[in-house]
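Visitor: I would like to learn how to read a fold feature by feature. Please walk me through one.

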Amino acid sequence: MPVSSIVRVATPDDYQEIWRLFLQGHNENGIFSLSPKKVQWFMNRALFPQAIRPGDTGTRGCIGVIGPPKALEALVFVTIGEYWYSDDKHIEEFLVYVDPEYRRSDHADALLQWMKDQVEKTGLPLMTGIVSNNRTEAKCRLYRRSFPKAGEFFFYQPTHKSNGAVATAGSS
């Protein structure tokens, strides 16, 4: 039986459970290969902000979780970001995930509401969406009930392996 759908800010005691849920989420929804080192860097910045050195202008974030340490049922990971063409800050959602055992709970709605609460607390807009090929339409319906639509997302994969070259201005 799920715990109450109350989101709290994650602590270092949640580290292993966050990894477990993240890996489940990546297995279900990941479209790129996993870089544990990169994930660990982002997680450490969110869970151990006191370790960020003065003058470090890198990513700042927060992880919200549902459930007690060592038994998490859901999580949301947000950071403060900027669009490539602007200096305006926004809240950028990295991950919203509910353990499959608890999907009949109100956890997903609570996670989305928590993100909206962060918007009100910070005064920053939220960029969030669905990147998934698993139960995509159900997830989109959930988000449509909570957020205004601001576009769509598309993903196209190459039909063959690339040599890594990228077209640039001046290339033909």
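What follows is a short tour of the sheet, a helix, the cores and the rings.

Guide: This is a predicted model, so local features need pLDDT of at least 70 and side-chain atom pairs count only at pLDDT 80 or more, while totals for chains, interfaces and linings use all residues. Residues are numbered from 1 along each chain as its sequence is written, and side-chain values use heavy atoms, with hydrogens and water left out.

Visitor: In what order do the five strands form the sheet?

Guide: Strands of a sheet pair through backbone hydrogen bonds, either parallel or antiparallel. Helices (H or I, at least four residues) and strands (E, at least two) are DSSP runs, numbered from the N terminus. Two strands pair if DSSP finds at least two bridges between them. Here the order is β1-β2-β3-β4-β5, in an open sheet with mixed pairing. β1 (8-9) and β5 (126-127) stand at the edges with a single partner strand each, so one side of each has no neighbour in the sheet.

Visitor: How many bridges join β2 to β3?

Guide: Six, and the two strands run antiparallel. Take Gly64: its bridge partner in β3 is Val76.

Visitor: Which residues of helix α4 are buried?

Guide: An α-helix has 3.6 residues a turn, so residues three or four places apart point the same way. Buried means under 20% relative accessible area, exposed over 50%, and partly exposed in between (1.4 Å probe, protein chains only). In α4 (residues 136-146), the buried ones are Lys139, Leu142, Tyr143 and Ser146. Down the axis of α4, they fall within an arc of 95°, so they line one face of the helix. That arc is taken from the directions from the helix axis to the C-beta atoms.

Visitor: What do the buried residues of α4 pack against?

Guide: They pack against α1, β4 and α3 (107-122). Contact here means heavy atoms within 4.5 Å.

Visitor: Which residues touch the most other members of the largest nonpolar core?

Guide: A nonpolar core is a set of buried Ala, Val, Leu, Ile, Met, Phe, Trp, Tyr and Cys residues joined through side-chain atoms within 4.5 Å. The largest has 20 residues, and Leu111 and Met115 touch the most other members. β3 (74-82), β4, α3 and α4 each supply at least two residues of this core. α3 gives the most, with six. Not counting residues up to four places away in sequence, Leu111 has contacts that include Val7, Ile66 and Val96. A second, separate core of 18 residues includes Tyr15, Leu21, Phe22 and Phe42.

Visitor: How many aromatic pairs does the structure hold?

Guide: Nine. Rings of Phe, Tyr and Trp (its six-membered ring) pair if their centres lie within 6.5 Å; planes under 30 degrees apart count as stacked, over 60 as edge-to-face and the rest as tilted. Tyr15 and Phe48 have ring centres 6.4 Å apart and planes at 40°, so this pair is tilted. Tyr15 lies in α1 (residues 15-29) and Phe48 in the loop between α2 (36-47) and β2 (61-66), so the pair ties together parts 33 residues apart in sequence. Tyr15 is buried at 15% relative accessibility, whereas Phe48 is partly exposed at 27%.

Visitor: What kind of pair do Phe42 and Phe94 make?

Guide: Their ring centres are 5.1 Å apart and their planes lie at 80°, so the pair is edge-to-face. Phe42 is in α2 and Phe94 in β4 (residues 89-98), so parts 52 residues apart in sequence are tied together. Ring pairs also link Trp41, Phe42, Phe77 and Phe94 into a cluster.
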